[in-house]
Structures are given as C-alpha cells and as structure tokens.
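Open the model in your viewer and keep the selection panel at hand. This tour goes from stop to stop and tells you what to select next.

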Amino acid sequence: MLTDLTIEQARAGLRAGDFTAVELTMAHLHAIEVLNPRLNAYLDVRHDRALDQARAADAALAAGDARALTGIPLAIKDLFCTAGVRTTAGSKILEPFVPPYESTVTANLLRDGAVFLGKTNMDEFAMGSSNMTSAYGPVENPWKRRQDESAVLVPGGSSGGSAAAVAARLALGATGTDTGGSIRQPASFCGLVGVKPTYGRCSRWGVVAFASSLDHPGPFARTVRDGAILLGSMAGHDPKDSTSADVPVPDWEAACTRSVQGLRIGVPREYRMDGMPSEIDALWRQGLDWLRDAGAEIVEVSLPHTKYGLAAYYVVAPAEASSNLARYDGVRFGARTDGAELRDLYERTRANGFGSEVRRRIMIGTYVLSAGYYDAYYLRAQKVRALILQDFTEAFGRVDALLTPTAPSAAFGQGEKMDDPITMYLNDVFTVPANLAGVPGISVPAGLDPNGLPLGLQVLAKPFDEATMFTVAAALERAAGFDALPTLRAGGEG
Amino acid sequence: MSLDPATVRRIASLARIRVEEAEVATLQNELNGILAWIEQLNEVNVDGVTPLTGGAQMALKLREDVVTDGGYPDQVLGNAPDRIGDFYAVPKVVE
C-alpha cells in the first residue's frame with residue numbers, strides 16, 4: 001500500500017513514475033477519512049489544498065525539477081503557523097486564529113515540495129505528555145495492548161496527533177515540537193522515530209511559543225533515514241529567529257549509513273531509576289549489546305544532576321510560559337470574553353480560553369518570577385540548569401554519544417496518571433535534561449513490552465553533532481529490526 | 001514554603017486569570033504540591049554557579065536596523081476583532 005511506504009521509498013517511486021503525487025496524497029486522504037474520526041489525530045484536514053500541492057508536485061516531477069520532498073504527504077503539528085490555515089495550539093483561546101504568515105520550518109518543507117495533509121492535535125500550548133490537555137479532545141494511540149484491545153491508550157504528548165497520524169499511516173512523516181520530550185516520548189509510545197535536534201538547528205519563527213529557551217521543532221518518521229531527510233529540510237539558519245544557529249546543515253542521510261565502529265557510547269548511571277519496569281532496563285542493556293556488537297565501545301559515565309532536571313524544568317518552563325502567554329489577553333486577536341471593565345475582560349478571557357493545565361503552569365510561572373521568590377526559585381533553577389549542561393559537557397569529553405531509555409513506561413491508558421500533575425510530569429524524566437542543555441536527541445523504536453506496546457531508546461549527542469546521533473540511531477534500528485505494526489492503521493484491522 | 005488562599009488569589013490576579021472562590025482550595029493544593037516537589041532543588045550546591053538562561057551556546061548576531069517586511073495592512077489586521085481604517089479597534093486599554 002502507498003501509505004506503508006517510507007519517505008525514502010516514496011521519493012524513489014515518485015521519481016521513477018511508479019505512482020503520482022496525487023495518487024499518494026489521495027491514498028492518505030482516504031485513510032484519514034476512514035480512521036481520523038476515531039483517532040482524532042488531525043484537527044483540520046486540508047483535502048483540496050493538499051491535492052493542489054500534489055498536482056504541483058507532479059508537474060515538478062514531470063519537468064525534472066524534483067526537490068528533497070516533492071510530493072511527500074506530511075502532517076503538521078497545530079503549533080506551526082500556516083499561512084491562511086487556522087492554527088490553534090490545541091487551545092480555545094486561539095480557536096479563531098488564522099496566521100497571515102508561514103513558520104520558517106513549514107516554509108522550508110514547502111520550498112522542498114512537501115504536501116501538507118492537515119494540522120494535528122496536541123496538548124494545549126504543548127503542555128502535557130498524553131494529549132489529554134487538548135481543548136479539541138484526546139487522541140487515541142493506534143497501538144493496542146495485546147491482552148486488552150478495548151483499552152484506549154494515549155499517544156503521548158504533547159505532539160500526540162502527529163505521532164498517531166504517522167503510526168496509523170495517515171502521513172509519511174510529521175512535524176512536532178519538543179520542549180521537555182514532546183517529540184521523543186510520543187515517538188516511543190507510538191513505535192516511531194522522533195528527533196529533537198540541537199537548540200538553534202530549526203528556527204522557532206512562526207512556532208507558537210511555550211518556553212522559548214526549551215522549544216525545539218523536529219520531525220516524526222517511521223525510519224531513522226526518513227527522520228534525517230525531514231530534518232535536513234526543516235533545519236537551517238533563519239535571520240528571523242535570533243537564536244537560530246548559522247552553521248551548515250550536513251548530509252544526515254549519509255550519516256545513517258556510517259558504521260559505529262570505534263565510537264564511544266556512554267551509559268549514564270543516573271538514568272537507572274528505582275521502579276523502572278524491568279523490560280525497559282532489559283531493552284536498554286540489549287541496545288548497549290547491539291552497539292557493542294557493531295563495534296562501539298561502551299563507557300559508563302555520570303550525569304550527577306540528572307535527578308534535578310525535572311524540578312528545574314518545572315520552574316524554567318512555566319516561568320517562560322507565563323511570560324509568553326501574557327499576549328493572550330483577548331484584545332488584539334484570539335478569543336475574547338467580555339467583562340465589566342478591562343481587567344475583568346482580561347481575567348475572564350484567560351480563565352475561559354485556557355485549560356486547567358495551562359492555567360496552573362501560568363500561575364506557577366507567575367509565582368516563581370514574582371518579587372521575593374525570583375531568587376529562591378527561578379535563579380536557583382537556572383543555576384541547576386547550568387550544572388546539567390556542565391554534566392553533559394563533561395560526559396561528551398569522554399564519549400561520542402549517550403544511550404538511555406526514552407520514557408519510563410510504555411503508552412498508558414486515557415485517564416491514567418491524571419490524579420496529580422507531578423505523576424504526569426515524571427514521564428519526561430529522561431528527555432528533559434536534553435532540552436535544558438540544548439543537546440540533540442532521537443528516540444528509536446527498539447522493542448515491545450509484554451503487552452506488545454512499543455518502547456524506544458534514546459540517543460543523545462554533542463551540540464550540532466546530529467550526524468553521530470543519526471549514525472548510532474541507524475545502527476540501533478538495523479540491529480533491532482523493529483517491524484511490529486499498530487492495530488489501527490490504513491489498510492489494517494482497524 | 002506553603003501558599004495560603006490569599007496568596008493563591010494574588011498569583012491569579014497577577015496572572016490575570018479569574019479564579020472562582022470554589023476553585024481556590026483545589027488550586028492551593030495543586031500549586032503547593034508542585035512547589036513542595038520543586039523544593040528538592042535546595043539540595044543542590046549552586047554556590048558560584050553562573051545561571052544559564054538558554055540552550056544556545058552562541059553570541060547573538062547583530063543585523064542592520066532596516067525595514068525588511070511589511071506594507072500589507074489587510075493581512076496584519078486579518079485577526080483583528082474590529083478595525084477602523086488601517087487600525088485595530090479594541091476596548092479602551094489605557095486608563
């Protein structure tokens with residue numbers, strides 16, 4: 001089926017004339033029509049626009065003007081502003097918002113010929129690890145527990161719609177954003193490759209801001225090589241983002257074919273946590289064996305401040321969010337609730353427009369930045385952040401990459417881990433440190449748990465050394481031979 | 001450090017989020033739970049550590065201070081709740 005192709009295969013098939021971009025896009029639009037009412041992965045499907053883009057792709061292919069992604073159908077997280085296409089960030093407060101401009105990352109994908117199928121569901125303002133905080137309803141994970149097919153599992157979050165769409169074959173790839181694990185954790189939950197590049201690799205211009213110093217755009221794909229293809233298109237210097245890095249984008253596809261022979265892979269001992277399911281620990285050891293067998297040297301390293309990463313993150317991220325989200329006041333754009341006077345208008349607009357998790361984080365952020373508490377919370381968290389970066393810098397003085405589990409569990413059920421906010425926050429324990437330090441990370445599907453649910457392994461690398469990250473990830477992928485499929489997928493049992 | 005109901009109301013007010021009286025107790029519990037968990041940062045010795053503001057290990061670039069974009073008021077005003085000519089029309093925000 002056309003929906004089962006990798007991007008690499010689709011690219012070759014389009015160029016060889018085995019099928020057209022219109023046929024490829026139609027196959028995906030049909031699959032979306034069948035499965036999306038159940039999965040709720042897409043918030044907005046752009047049927048006509050996608051077909052127009054596919055026809056343009058076919059014309060380019062016929063003219064011999066094929067680019068990196070000509071005719072490849074993708075899903076776009078609803079955090080990326082898309083010109084003329086509503087962008088909600090999963091929030092009621094942006095329900096009426098139609099951006100007049102295109103984010104740099106999506107503009108790069110369009111420049112390279114991609115077809116946009118639609119905008120995907122997400123946790124509100126990217127705050128969540130389950131997609132349960134979306135104002136537009138939860139997303140169903142296309143994977144099912146073997147023993148309990150009726151249980152509805154979460155796809156992870158915050159980029160849950162993008163992950164579910166790619167897993168269910170409703171797109172060949174997708175964009176996501178990762179502020180504390182929002183690409184890598186859903187990739188692990190949905191059996192996908194998810195890439196968070198180095199801070200500064202992908203422009204944040206036109207991406208609705210959550211926590212600016214932690215937000216990283218990146219891709220979802222079904223193979224490491226497809227992740228490299230997508231990131232190659234998304235990345236690059238952008239003068240419109242002052243934190244965009246002016247460094248060359250190397251050939252990451254080539255990096256996927258290199259050997260790990262002689263590479264030094266670090267195992268951070270602090271990632272071995274009490275209460276972690278034994279299958280995750282076993283998969284981690286298996287991953288190390290695979291890399292050792294492929295010629296890498298395994299080295300024990302220490303990242304002593306790991307355990308403080310989450311707490312530092314839950315000061316820094318809400319602080320930045322409280323500042324970034326101050327713009328949603330109901331005055332110039334977005335939803336408004338009228339009030340008796342101006343202050344009442346602000347307070348009612350924000351109480352009605354934001355969901356409970358967003359309100360909670362804005363309040364935490366407001367508190368840690370307020371007079372008298374700034375030093376005790378915010379400044380201290382920034383110092384701990386410096387120590388976490390220092391841990392990575394020291395480790396990367398001894399090793400080329402680190403291997404860790406991506407998440408402390410497989411996908412859980414809708415409604416689980418909702419009792420108190422901290423239980424949900426703990427999902428990000430292995431992913432958050434890379435956001436605090438800005439180092440690149442990737443999740444690779446590596447095995448199944450006893451319920452038949454996918455589990456990912458995470459590779460972390462030095463800043464701007466995504467090439468080594470892709471080399472190690474591709475070696476894991478080859479050794480794992482992960483070929484399990486989700487229950488709900490185009491042409492599947494669903 | 002534990003927040004009392006008055007502090008919860010003050011934070012909500014600073015954040016410009018309306019909080020109904022019935023919500024204060026729940027919020028107080030949740031916020032105190034999160035803040036108590038964050039207290040673990042006090043275990044870390046941060047003496048002499050320079051705070052890190054961001055992941056970008058680079059100097060900010062300078063650019064020419066010139067106009068590079070603009071001239072399409074209809075697009076800019078596309079999301080305005082109301083307009084008068086080429087201006088946003090909004091509730092009175094200056095008192």
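Select A:Gly441 and A:Leu460. A:Leu460 lies in E11(A) and is the bridge partner of A:Gly441. Strand E10 of chain A covers residues 441–448, and seven bridges join E10(A) to E11(A) in an antiparallel run. Two strands count as paired here if DSSP finds at least two bridges between them. Helices (H or I, at least four residues) and strands (E, at least two) are DSSP runs, numbered from the N terminus.

A word on the model and its labels. This is a predicted model: local features need pLDDT of at least 70, side-chain atom pairs count only at pLDDT 80 or more, and totals for chains, interfaces and linings use all residues. Residues are numbered from 1 along each chain as its sequence is written, while chains are lettered from A and ligands numbered from 1 in the order in which they are written.

**The hairpin and its strand**

Now select A:Gly452. It sits in the turn of the hairpin formed by E10(A) and E11(A), and has a positive phi of about 85°. Five residues lie between the two strands.

Stay on E11(A), residues 454–461. Eight of its eight residues are buried. Buried means 20 or more other C-beta atoms within 10 Å of the residue's own; exposed means 12 or fewer, partly exposed is in between, and C-beta atoms are placed from the backbone. Which residues point which way? A:Pro454, A:Gly456, A:Gln458 and A:Leu460 point one way from E11(A), and A:Leu455, A:Leu457, A:Val459 and A:Ala461 point the other way. In a regular strand the side chains alternate between the two faces of the sheet.

Next, pick A:Pro405. It stands opposite A:Leu457 in E11(A). Strand E9 of chain A, residues 401–405, pairs with E11(A) over five bridges in the antiparallel sense.

**The whole sheet**

Show the strands of chain A. An open sheet of 11 strands runs in the order E1-E3-E2-E4-E6-E5-E10-E11-E9-E7-E8, with mixed pairing. Its edge strands are E1 (42–45) and E8 (297–301) of chain A, each pairing on one side only. Neighbouring strands are turned by 30° against each other on average, direction ignored.

Select A:Ala75 and A:Ala174. A:Ala75 stands opposite A:Ala174 in E4(A). Here E2 (73–77) and E4 (173–178) of chain A pair in the parallel sense over two bridges.

Axes are lines fitted to C-alpha atoms, for helices over the stretch in contact, and angles run from 0 to 180 degrees between N-to-C directions.

**Helix on helix**

A:Val224, A:Arg225 and A:Ala228 in H7(A) meet A:Phe470, A:Ala473, A:Ala474 and A:Glu477 in H16(A). Contact means that the C-beta atoms of two residues, placed from the backbone, lie within 7 Å.

Move to H10(A) and H12(A). Their axes come within 7 Å and cross at roughly 100°, so the two helices are roughly perpendicular.

**Towards chain B**

Select A:Ala381, in helix H13 of chain A. Is A:Ala381 buried or exposed? It is buried, with 27 other C-beta atoms within 10 Å. A:Val316 is 65 residues away in sequence but 6.7 Å away in space, C-alpha to C-alpha. Beyond neighbours within four places in sequence, A:Ala381 contacts A:Ala312, A:Val315, A:Val316 and B:Leu41.

Last, show both chains. The contact takes 55 residues from chain A and 41 residues from chain B. H13(A) gives the most to the side of chain A that touches chain B, with 11 residues.

Notes: Angles under 35 degrees count as roughly parallel, over 145 as roughly antiparallel, 65 to 115 as roughly perpendicular and the rest as oblique.
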